[in-house]
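Visitor: I'd like to walk through this model and ask where its labels come from. Can you show it to me?

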Amino acid sequence: MTTQETLLAAELTREVEQQLQDLMSRPSIRHDAMRQGRSKDIWSAAVDGEWFTVLVDEESGGLGLGLHTMSSLFACFGRALAPGPLLEHALVAPMLLRIATPSSYERLQSAIAGERQLAFADGAATGQAKATRPRLVDGQLLGNIDMVRYAATADDIVVVVDGENGTTSIVLVNANDDTVTITSQPHLDTTACLATVHFDHTSYEIVSDEPETQLKSHLERIRGGIRLLTACRLAGVCRTLLDMSVDYAKLREQFGVPIGSFQAVQHILADMAVDTILLEALCEVRADECGADGSRLHWAGIESKACAAGTARRVGEAALQVHGGIGFTAEHELHVWFLHAIGLQGWYGDESDLSLQLGRSLLSGERSS
């Protein structure tokens with residue numbers, strides 16, 4: 001990034017952070033974001049502030065600032081627990097623009113402009129290597145897919161499917177089509193808004209006519225970007241959990257003194273701080289690397305998400321320990337952050353699955369370092 005781009009990225013990050021602080025300080029917005037997983041006010045702020053254009057090239061009307069800036073924004077989203085669909089519009093749509101057919105390009109641009117809401121249906125999101133995916137049969141889309149975020153409010157759904165000849169395809173579907181059935185899935189994470197989507201001979205539009213090898217490579221990069229930005233979001237969640245715990249340790253008293261004066265509590269907070277700082281540093285380094293070399297995005301995403309999944313769980317558990325019984329109650333907001341971290345733990349693979357992938361790639365020579 002040039003000096004001018006670096007300054008612009010820093011200014012945008014400060015503005016987004018301040019906006020989210022102002023919005024989330026309002027009780028009605030905070031309730032909608034944390035308890036229902038959506039907020040019209042935050043959505044409007046994202047559209048008006050052009051948050052979704054960060055990864056869009058300047059030639060296509062975007063800011064063209066790259067992954068480093070977007071990673072900083074997703075850390076902000078995690079610190080504020082900003083609801084989506086942010087990832088779908090800020091990462092998936094811009095990355096698909098680069099390979100899109102002319103007609104799908106227009107629909108993706110509408111999503112980036114905030115005129116239509118987008119959901120991304122990908123079997124890999126479950127973290128299971130052999131997750132079922134919808135399939136194309138006789139020119140129509142058939143099958144189910146689970147764990148689709150924000151499908152219930154989407155206008156369009158981007159679906160990763162199995163083609164009629166066994167190939168992988170990416171298609172675009174109108175979510176309001178009569179042949180599409182969307183059923184909400186209960187989830188511990190109140191910000192998730194998950195759904196099962198059923199396609200019954202549904203019409204579709206091919207997003208890209210790229211050769212399958214190139215399409216699969218691009219899909220790997222999209223999934224890598226999702227993992228990397230999810231790790232950045234979890235880093236933001238960890239930072240808030242740490243700040244909440246430090247503030248509570250200063251105020252809560254036992255035996256007439258703040259619990260933060262006890263060495264045992266200090267050790268817990270110190271471990272939380274180390275975990276959080278290391279995760280933030282890893283996300284920043286990997287985002288910088290991928291900004292210069294997009295081919296690294298697949299492995300950078302796996303590394304970052306593997307670290308983030310375990311770190312967020314440990315930091316969340318430590319925060320509950322510092323807060324004691326009050327942290328487990330529904331009345332206290334701590335549990336909303338903790339359940340959000342747990343909900344994202346297995347999203348596109350948890351630490352065990354992803355670490356196994358990394359280990360196998362090193363042993364096979366697919367990845368040297």
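Visitor: Which element gives the largest share of the lining of the largest cavity?

Guide: That's α7, with 3 residues. A quick word on ground rules: this is a predicted model, so local features need pLDDT of at least 70, side-chain atom pairs count only at pLDDT 80 or more, and totals for chains, interfaces and linings use all residues. Residues are numbered from 1 along each chain as its sequence is written, and side-chain values use heavy atoms, with hydrogens and water left out.

Visitor: What makes a space a cavity, and how many cavities of 30 Å³ or more does a search of the whole structure find?

Guide: On a 1 Å grid over the protein atoms alone, a cavity is a set of points where a 1.4 Å probe fits but cannot get out, and lining residues have an atom within 4 Å of a point. The search finds 2 cavities of 30 Å³ or more. About 200 Å³ lies in the largest cavity, where a volume is the space filled by probe spheres set on the points, joined across faces, edges and corners.

Visitor: Which residues are closest to the centre of the largest cavity?

Guide: L87, R149, Y150, R233 and L344, out of 17 lining residues. The elements giving two or more residues to that lining are α5 (87–97), α7 and α10 (334–345). Those names are for DSSP runs numbered from the N terminus: helices are H or I with at least four residues, strands are E with at least two.

Visitor: How does the lining of the largest cavity divide by class?

Guide: Into 10 nonpolar, 4 polar and 3 charged residues. Ala, Val, Leu, Ile, Met, Phe, Trp, Tyr, Cys and Pro count as nonpolar, Asp, Glu, Lys and Arg as charged, and the others, Gly among them, as polar.

Visitor: And what lines the second largest cavity?

Guide: L87, E88, V92, F120, R149, I226, W347 and Y348 do, around about 70 Å³ of space. Here α5 gives the most, with 3 residues. By class, that lining has 6 nonpolar, no polar and 2 charged residues.

Visitor: Why is Y150 called buried?

Guide: Buried means under 20% relative accessible area, exposed over 50%, and partly exposed in between, with a 1.4 Å probe and protein chains only. Y150 has 8%, so Y150 is buried. Y150 lies in the loop between β3 (140–149) and β4 (156–162), and its phi is near 60 degrees, a positive value in a residue other than glycine.

Visitor: Is Y348 buried or exposed?

Guide: Buried, because its relative accessibility is 2%. Y348 sits in the loop between α10 and α11 (351–364) and has a positive phi of about 60 degrees although it is not a glycine.

Visitor: What makes A273 partly exposed?

Guide: Its relative accessibility is 21%, so A273 counts as partly exposed. A273 is in helix α8 (residues 263–292).

Visitor: Why are α7 and α9 called roughly parallel?

Guide: Angles under 35 degrees count as roughly parallel, over 145 as roughly antiparallel, 65 to 115 as roughly perpendicular and the rest as oblique. The axes of α7 (residues 212–251) and α9 (residues 297–323) cross at roughly 20 degrees and come within 7 Å, so the pair is roughly parallel. Axes are lines fitted to C-alpha atoms, for helices over the stretch in contact, and angles run from 0 to 180 degrees between N-to-C directions. The residues of this contact divide into 16 nonpolar, 10 polar and 4 charged.

Visitor: In which hand does α7 pass α9?

Guide: The crossing is left-handed. A crossing gets that name if the near helix is turned anticlockwise from the far one by less than a right angle, and right-handed if clockwise.

Visitor: Why are α4 and α7 oblique to each other?

Guide: Their angle is about 40 degrees, with the axes 6 Å apart, so α4 and α7 are oblique. The crossing of α4 and α7 is right-handed.

Visitor: And how do α5 and α7 pack?

Guide: At about 155 degrees, with their axes 10 Å apart. That makes α5 roughly antiparallel to α7, and the crossing of α5 and α7 is right-handed.

Visitor: Where is the cis peptide bond?

Guide: From G84 to P85, with omega near 5 degrees. P85 is in the loop between α4 (67–80) and α5.

Terms used
On a 1 Å grid over the protein atoms alone, a cavity is a set of points where a 1.4 Å probe fits but cannot get out, and a pocket is an open set with protein on both sides within 12 Å along at least five of seven lines; lining residues have an atom within 4 Å of a point.
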